[in-house]
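Please look through the model below before reading my notes. The points are numbered so that you can check each one against the structure.

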Amino acid sequence: MADLLPGNPPLLRPSQMALVNRLIADLRAAPAWHGQLPVLLLDRCWLRLEVVPVESLATALPPDGSGEAPELARFRQLRAEGLEDWAAQLQCWEEFDLLPFQQALRRYWSRQTHGDDGWTLPAYLELLRCYRHSLECGVPHLPLLVLPRQGSGETHRLHWLQRPFASTCPSMRHTCA
């Protein structure tokens with residue numbers, strides 16, 4: 001899902017490329033990890049590049065945490081401890097009540113059916129971990145999330161940008177198939 005981008009970022013206009021270069025320079029000058037560090041969101045269909053502070057990323061692009069619901073986590077724990085499905089389900093009903101357990105299952109299966117574009121809570125947490133680690137190691141990388149086209153079945157693609165890029169950019173024809 002993530003890669004270090006060796007060439008220019010995909011489909012960026014010259015003004016966007018200049019913005020990316022400024023953000024990379026600012027990131028290199030950042031003294032420490034903080035919530036205002038930038039994350040780039042690229043909507044390819046509209047060629048829109050949005051800069052979101054890392055502390056607002058979960059609001060701007062909510063990760064799917066339906067599989068991490070406490071009711072489902074407890075069910076998985078009980079199953080791992082050796083309880084059969086029905087016994088684990090009964091135990092969860094007793095601990096959480098029937099309705100919250102059913103709602104958690106419904107949310108989870110709805111996300112499985114309609115998809116989450118690969119933007120799950122573990123993917124979000126991994127982005128935060130890698131971002132912070134790159135900054136603390138002295139080799140900061142700027143995250144660029146390329147959003148999937150609606151209804152395409154694609155997933156979010158995460159690229160890590162670490163150096164300024166050339167001001168030339170590829171042709172922008174046929175960017176939204």
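**Notes on the model**

1. Start with helix α4. On the face turned away from its buried side, α4 carries the exposed residues Trp86 and Glu94. Exposed means over 50% relative accessible area, buried means under 20%, and partly exposed lies in between (1.4 Å probe, protein chains only). Helices (H or I, at least four residues) and strands (E, at least two) are DSSP runs, numbered from the N terminus.

2. A word on the source. This is a predicted model, where local features need pLDDT of at least 70 and side-chain atom pairs count only at pLDDT 80 or more, while totals for chains, interfaces and linings use all residues. Residues are numbered from 1 along each chain as its sequence is written, and side-chain values use heavy atoms, with hydrogens and water left out.

3. Now the other side of α4. Ala87, Ala88 and Cys92 are buried there. Seen down the helix axis, the buried residues of α4 fall within an arc of 135°, so they line one face. The arc is that of the directions from the helix axis to the C-beta atoms.

4. Check the length of α4. The helix has twelve residues and reaches 16 Å from its first C-alpha to its last, close to the 16 Å expected at 1.5 Å a residue. The expected span is 1.5 Å times one less than the number of residues. After α4 comes Asp97, with a positive phi near 85°.

5. How does α4 connect to α3? Glu95 and Arg74 meet through their side chains in a salt bridge (2.9 Å, N to O). Glu95 lies in α4 (residues 85-96) and Arg74 in α3 (residues 70-80), so the pair ties together parts that are 21 residues apart in sequence. A salt bridge is a side-chain nitrogen of Lys or Arg within 4 Å of a carboxyl oxygen of Asp or Glu. Glu95 is partly exposed, at 36% relative accessibility.

6. How many salt bridges does the structure hold? There are five. One of them joins the side chains of Arg129 and Glu126 (2.7 Å, N to O). These two residues are three apart in helix α6, which separates them by about one helical turn. Arg129 is partly exposed at 46% relative accessibility. Glu126 is partly exposed too, with a relative accessible area of 36%.

7. Glu136 is exposed, with a relative accessible area of 54%. Arg132 is partly exposed, at 39%.

8. Stay with α6 and check its length. Its 16 residues should span 22 Å at 1.5 Å a residue; the end C-alpha atoms are 23 Å apart, which agrees. Which residues of α6 are buried? They are Ala123, Tyr124, Leu127, Tyr131, Ser134 and Leu135. They cover an arc of only 105° around the axis, which puts them on the same side of α6.

9. What does the buried side of α6 pack against? Its partners are α1, β2, α2 (57-60), β4 and β5. Just after α6, Gly138 takes a positive phi of about 85°.

10. The largest nonpolar core has 30 residues, and Val20, Leu40, Leu57, Trp119, Tyr131 and Leu142 touch the most other members. At least two residues of this core come from each of α1 (14-29), β2 (38-43), β3 (48-53), α6 (121-136), β4 (142-147) and β5 (157-161). A second, separate core has seven residues, including Ala69, Leu72, Ala88 and Ala104. A nonpolar core is a set of buried Ala, Val, Leu, Ile, Met, Phe, Trp, Tyr and Cys residues joined through side-chain atoms within 4.5 Å.

11. Look at the cysteines. A search of the whole structure finds zero disulfides (pairs of cysteine sulfur atoms within 2.5 Å). Cys92 is buried, at 0% relative accessibility. Cys130 is partly exposed, with a relative accessible area of 24%.

12. Last, a loop residue. Glu55 is found between β3 and α2. Glu55 counts as exposed, at 51% relative accessibility. Leaving aside neighbours within four places in sequence, Glu55 is in contact (heavy atoms within 4.5 Å) with Gly35 and Gln36. Glu55 and His34 are 21 residues apart in sequence and 8.2 Å apart in space, C-alpha to C-alpha.
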